Amino acid sequence: MKRLIILLCSFSSIVFSQPLDKKFTAFINPFIGAGGHGHTFPGATRPFSMVQLSPDTRIDGSWDGCSGYHFSDSLIYGFSHTHLSGTGVSDYGDIAFMPKLVTKPSEIPSLSMDFTTVFSHKNEKASAGYYSVDLENGVKVELSSTQRVGIQKYTAKSKGFLWIKLDLKHRDFLLNGRINLINKRSLNGLRVSKAWAKNQKVYYHTEISKPYIENYIFKDSSGQHRLILGYMVKAGESILIKTGISSVDEAGALANLNAEMPHWDFERVKFESEEVWEDKMSKINIYTPNDTLKNNFYTALYHCMIHPSVLNDVTGKYRGRDGQVHAIDWDGDYYTVFSLWDTYRALHPLFNIT
């Protein structure tokens, strides 16, 4: 592996060793850039991966909400599987889930059922490949991911009835939605939306660790667009949700899920995500006594490696810009989210070096 060594000089001293008791990933702060005009998100992702699983606090398509998240906000609308980082145009926010805990199922789910909940930054945590938040509706949410699969962990703080919503009519304009209940623990479908991309197709396959006891599907002229599932839960009980996505079809989403996350071990996914990021961060070793400089540098390097994003499934198939399905015929991957107008000057030369 190629590595760069950079000396960052201060007026007082230069330290010629990286602390052995601290990983490179310890200096990554995913909240950097999530306020102001930074347009970044704090959620879980891996280098150049198809999945960016993160909370959405902005669903209005506003400029400062391009990434779906802004640090000045106090409401979360859902946790979706795709996000743009650092762009100046809003898009993504596909396949959004949201939990809600109630003491008893007194309210019959409807389109007007409100899942939006308050949160505090004091109850948020984010690191390379991991995000968590304690929602004020009584659920702790934890997120992690592989390259093409997201995993969510919803933990109930008290005994009650847990509603889980899948919302395809989330953020950008829904052209067509499809929700298929395969059994009480599996579902799949399609989301076709319009924003920066005019006809974006995201197929998904979801598996849930516990069978539901109630289900409600809502549809309109755009198709099936909302699913609400109900569960009885004990205090401290967790429900896990795994979702594979694909640009090709539901079978591709399932193939991605089976290949990358055939198990239900959330801690394993979290650990492996950190290890992947550690390997990437170790490509450049900086020497400075200033931890703030290290935080800024490694977080910037981390943000450099979110896009471009892998588009092909584990099968090698992908949907091209012509809308047709193709298959790679080389040893590598096919990528999307190239913003060459912004990145050809510095980012891609950096990739060539590292």
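How many salt bridges does a search of the whole structure find? The search finds 14 salt bridges, each a side-chain nitrogen of Lys or Arg within 4 Å of a carboxyl oxygen of Asp or Glu. This is a predicted model, where local features need pLDDT of at least 70, side-chain atom pairs count only at pLDDT 80 or more, and totals for chains, interfaces and linings use all residues. Residues are numbered from 1 along each chain as its sequence is written, and side-chain values use heavy atoms, with hydrogens and water left out.

**View A. Lys 23 pairs with Glu 274.** The closest N and O atoms of this salt bridge are 3.5 Å apart. Lys 23 sits in the loop between β1 (4–7) and β2 (44–45) and Glu 274 in helix α2 (residues 266–281), so the pair ties together parts 251 residues apart in sequence. Helices (H or I, at least four residues) and strands (E, at least two) are DSSP runs, numbered from the N terminus. Lys 23 is partly exposed at 35% relative accessibility, and Glu 274 is partly exposed at 25%. (Buried means under 20% relative accessible area, exposed over 50%, partly exposed in between, with a 1.4 Å probe and protein chains only.)

**View B. Asp 333 meets Arg 148 in a salt bridge.** Here the closest N and O atoms are 3.6 Å apart. Asp 333 is partly exposed at 27%, whereas Arg 148 is buried at 5%.

**View C. Glu 237 and Lys 210 form a salt bridge.** Their N to O distance is 2.8 Å. The pair links two loops, one between β17 (223–233) and β18 (238–246), holding Glu 237, and one between β15 (200–208) and β16 (214–220), holding Lys 210.
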